[in-house]
Amino acid sequence: MIPALLRGLCDDAALFPPGNAPLPAALTAHARYRDSEFAALVGPLIFPVPRLAELAARSPGSLTVVFTAPAGPGTVAPALEQAAVLDGLIVTGLEIAVPARESVVEFFTMLDSIAGRTAGLEVYVEVPRDERRAAVLERLAGSPYAAKFRTGGIAAAAYPDERELAVALRSAVAAGVPFKATAGLHHAVRNTDPTTGFEQHGFLNLLLATHLALAGADTGALEAVLANRNGAGVAAELAALSEAEEKAVRGAFRSFGTCSISDPLTELVDLNLLPAALRPVSESSAS
C-alpha cells in the first residue's frame, strides 16, 4: 500500500523537539508503527547518544535505531560499545554533527579513525550552516558518508530559506552525495506556521526539488519548487514520476526525521498519495 517513493521516508524522531515524547511513549508508539499497515512508510527510531543510559535501563527488547551524535565522532565508539550489550538493539546508522569550532580536517580525521567501528552502518554527517559547509560537502563526495541537512528547529533562524536549501540540495546531488533532512519538515507542503509565523519547508517540495536537481535544474528552479504552496500540484507531479525516477529520487533523498508519524501520514492521504484506508484514527502520542 506504500508506493516506492514513500517507503521508509519518515524516520521516527519522536524524542526530539517539538514533540519531545517521553521515552516510554516513544517506544510504545514506534512498536505500534512497526506493526501497522503503514509500517513501510516508517524508518528507524532516531535515538540521541546522550540518552543511551536511559534506554539501557528500560531493556527495550527488539528495536532498530539510528544514533545521533551531536558532540561529534568522539562519542560514537563508546555508544556502539554500550549498544552491543543490549539484547535486541540493532543500530543501522549514525547521524554525526560537526562540532562548533572544529575544523573540517579535524572532523574527518576523527571520523575516518573510527571507520572500522562504523563499517556496515549508514553514516550521515550533519552539514554545518556556516563557512565550513562547502568544504564538508566536498569531503563527502566520493566518500562512504552521506549528508544530513537541518531544515528547521525551534527558532526562526534554524530554518534555511529557499535559496540556501536549494544550493545545498543541488550541491549534494551534483556531487552524488545522498542526504537526509531533519527538523522543521512538519508538513507535506511549504507553509507558514500559524502559531510561530515560521516559514516551513514541505517534505514533498523537497522530494520534487530533488527530482528536478537530478534532471539538471538550476538553483532558481529549485527555489521555486521549494516555495510552491500548491499541495495538489506538487503531489500530482510526484505521482506522475516513473518507477525509475522514484528510485533515483529516493537514492538521493533518503529520509527525513519527524516527531509525528500521524501528521505526514494524514497529509499524504489527503493529497491522494496514500489510500484513505491508512488515515490514522487519532493523533499519535508522539505528535
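Reply: Strand 6 and strand 7 (residues 179-182) run parallel to each other and are joined by 4 bridges. Within this pairing, Lys 148 has Lys 180 of strand 7 as its bridge partner. The model described here is a predicted one. The link between the two strands passes over a helix: strand 6, helix 7 (residues 162-175) and strand 7 form a β-α-β unit that is right-handed.

Strand 6 also pairs with strand 5 (residues 122-126), again in the parallel sense, over 3 bridges. Here Val 125 is bridged to Ala 147 of strand 6.

Spanning residues 76-84, helix 3 has Val 76, Ala 77, Ala 79, Leu 80 and Ala 83 as its buried residues. Viewed down the helix axis, these buried residues lie within an arc of 160°, and therefore they line one face of helix 3. An α-helix has 3.6 residues a turn, so residues three or four places apart point the same way. The buried residues of helix 3 pack against helix 2 (52-57), strand 3 (63-69), strand 4 (89-97) and helix 5 (115-118).

Val 76 belongs to helix 3. Its relative accessibility is 2%, and because buried means under 20%, Val 76 counts as buried. Leaving aside residues up to four places away in sequence, Val 76 touches Ala 69, Leu 94, Ile 96, Ile 114 and Thr 118. Val 76 and Arg 117 are 41 residues apart in sequence, while their C-alpha atoms are 8.6 Å apart in space.

The whole protein supplies the setting for these elements. The protein contains 12 helices and 10 strands, and 52% of its 287 residues count as buried. Among contacts between residues at least 6 apart in sequence, 69% join residues at least 24 apart. The radius of gyration is 18 Å, which agrees with the value near 19 Å that a compact globule of 287 residues would have. The C-alpha trace spans about 50 × 45 × 40 Å along its principal axes. The accessible surface comes to about 12300 Å², and 55% of it belongs to carbon and sulfur atoms.

Technical notes
Residues are numbered from 1 along each chain as its sequence is written. This is a predicted model: local features need pLDDT of at least 70, side-chain atom pairs count only at pLDDT 80 or more; totals for chains, interfaces and linings use all residues. Side-chain values use heavy atoms; hydrogens and water are left out. Buried means under 20% relative accessible area, exposed over 50%, partly exposed in between (1.4 Å probe, protein chains only). The arc is that of the directions from the helix axis to the C-beta atoms. Contact means heavy atoms within 4.5 Å. Two strands pair if DSSP finds at least two bridges between them. A crossover is right-handed if, with the strands pointing away from the viewer, the path from the first strand over the helix to the second runs clockwise. The radius of gyration is taken over C-alpha atoms; the globule rule is 2.2 Å times the number of residues to the power 0.38. Accessible areas come from the Shrake-Rupley method with a 1.4 Å probe; for residues, only the protein chains shown count as cover.
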